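Could you walk me through this structure in my viewer, one selection at a time? I would like to learn about charged side chains that pair up.

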Amino acid sequence: ITATPRVLYSLHYDRSVCASAQSQLKLGVDSQRVCSRERDRARQTLCLHPTRPALHSTPSPLCPGQPLASLLMASEVLDKSEETDHMIEKDAAKERGSGLGDTKEIRAVLLSGFGGLNKLRVARKAMPEPLEGELKIRVKACGLNFIDLMVRQGNIDNPPKTPLVPGFECSGIVEGLGDGAKGFEIGDRVMAFVNYSAWGEVVCTPVEFVYLMPDDMGFAEAAAFPMNFVTAYMMLFEVANLRQGMSVLVHSAGGGVGQAVAQLCSTIPDVTVFGTASSFKHEAIKDTITHFIDRNADYVQDVKRISPDGVDIVLDCLCGENTGKGLGLLKPLGTYILYGSSNMVTGETKSFFSFAKSWWQVEKVNPIKLYEENKVIAGFSLLNLLFKQNRGAKVKAVMDKLISLFNQKKIRPLVDSLWALEEVKEAMQRIHDRGNIGKLILDVEKTPTPLMASDSTETSEAGEEEEDHEGDNGNKERMPFIQ
């Protein structure tokens with residue numbers, strides 16, 4: 001092989017490219033392919049490739065040592081190529097050993113932005129790992145609440161940034177423990193509060209928000225238990241001080257909180273419960289409600305016809321004009337508690353008109369009038385109590401009492417229906433239509449029906465798939481619910 005300028009240039013170029021391939025390896029480029037291509041080029045330059053003619057040239061009398069130098073440089077190029085191959089195999093082995101090449105993912109419901117049902121998708125995301133003081137839970141079931149509908153619309157104060165995974169409560173099995181996490185073991189059956197991200201196959205949450213499930217409680221019941229029963233218990237006993245002989249008016253009596261309120265009232269002797277609900281729900285909740293009132297009727301007159309003095313406690317999740325009506329129904333020393341504002345939700349997306357109307361209809365409270373009439377007005381937000389006001393220990397004490405009542409068979413969560421993650425749009429629409437009696441549950445292991453599966457495409461976490469147009473689901477027949 002004669003050392004012409006062309007040969008020397010080619011050898012120098014191939015040596016540089018192999019060195020570049022090594023640096024590309026560290027940057028995550030496919031160096032196996034790069035190096036293989038450049039090794040072939042080096043061989044071609046040295047006339048070692050069988051499919052290409054050799055590069056020959058007349059020796060230069062001025063440089064008799066050039067052929068030997070060329071062979072040494074060619075040998076070095078091939079050595080570099082083989083060294084790069086070795087580096088690729090070595091790094092690949094490290095990657096396989098560390099699991100970096102096989103990042104574990106989970107399925108989760110992703111809210112890509114605030115708005116209608118088309119903003120919800122089932123996506124794949126990286127599996128979370130527990131931080132210090134947290135538990136990692138393999139989720140079996142998730143609770144679906146009206147607050148989740150308001151989060152989807154962005155109809156809450158200081159909404160979080162999207163994309164996000166919704167959901168605030170779940171049940172499942174402990175799969176991992178973060179540093180300092182005590183009181184639980186891997187394999188424990190638990191129910192938990194989560195500050196978002198509950199609607200996925202795996203969640204991580206602080207130990208203080210996790211509670212052991214009773215032995216005879218199923219995962220669907222456990223997912224229906226924390227939010228509804230803690231809210232009902234704290235309003236009745238911590239805020240309003242429910243006692244024997246008192247009377248309670250609860251709106252949306254057929255929902256999850258409404259049924260929890262009715263069951264807890266039954267644990268106190270001689271408590272009268274007035275409940276507003278759609279007429280088709282009356283038969284299903286007749287054993288827990290003393291007096292039914294149609295949600296579209298004038299409930300103020302219906303209550304006063306039965307109890308002219310009014311009631312001791314009003315639990316209002318509607319807001320708007322119902323605030324003034326509720327205050328007007330209170331007996332002296334009575335307590336009105338606002339724990340929701342579902343009247344602000346009238347359509348699939350956030351409505352400024354509905355918000356403004358509800359705000360305008362709220363009666364302006366005069367403290368002097370409250371003083372003169374001996375009435376109490378209060379508000380209750382369980383999520384704020386847990387995640388903003390750091391009252392996890394207080395909630396834990398309430399959960400202990402509720403689990404004791406469950407074990408005594410005095411209370412039991414009412415599950416309306418089970419839905420797969422892919423069916424979250426239909427489940428949320430059922431809440432919007434006020435069609436549920438009890439709690440809706442997302443069953444992580446449930447197989448979606450063909451109709452639902454085709455309507456909720458699985459995407460990446462970024463949600464690149466084309467979104468459905470709002471209203472496309474209107475003509476689809478809903479599948480039967482699992483009671």
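Start by selecting Lys-394 and Glu-238: they form a salt bridge (a side-chain nitrogen of Lys or Arg within 4 Å of a carboxyl oxygen of Asp or Glu), with their closest N and O atoms 3.2 Å apart. Lys-394 sits in helix H13 (residues 392–407) and Glu-238 in helix H6 (residues 226–239), so this pair ties together parts that are 156 residues apart in sequence. Helices (H or I, at least four residues) and strands (E, at least two) are DSSP runs, numbered from the N terminus. This is a predicted model, where local features need pLDDT of at least 70 and side-chain atom pairs count only at pLDDT 80 or more, while totals for chains, interfaces and linings use all residues. Residues are numbered from 1 along each chain as its sequence is written, and side-chain values use heavy atoms, leaving out hydrogens and water.

Now colour by accessibility. Lys-394 is partly exposed at 38% relative accessible area (buried means under 20%, exposed over 50%, partly exposed in between, with a 1.4 Å probe and protein chains only). Glu-238, at 33%, is partly exposed too.

Next, select Glu-105 and Arg-124, a salt bridge with its closest N and O atoms 3.5 Å apart. Glu-105 belongs to strand S1 (residues 105–111) and Arg-124 to strand S2 (residues 120–126), so the pair links parts 19 residues apart in sequence.

Then move to Asp-302 and Arg-305, whose closest N and O atoms are 2.6 Å apart in their salt bridge. Is Asp-302 buried or exposed? Asp-302 is buried, at 19%, whereas Arg-305 is exposed, at 62%.
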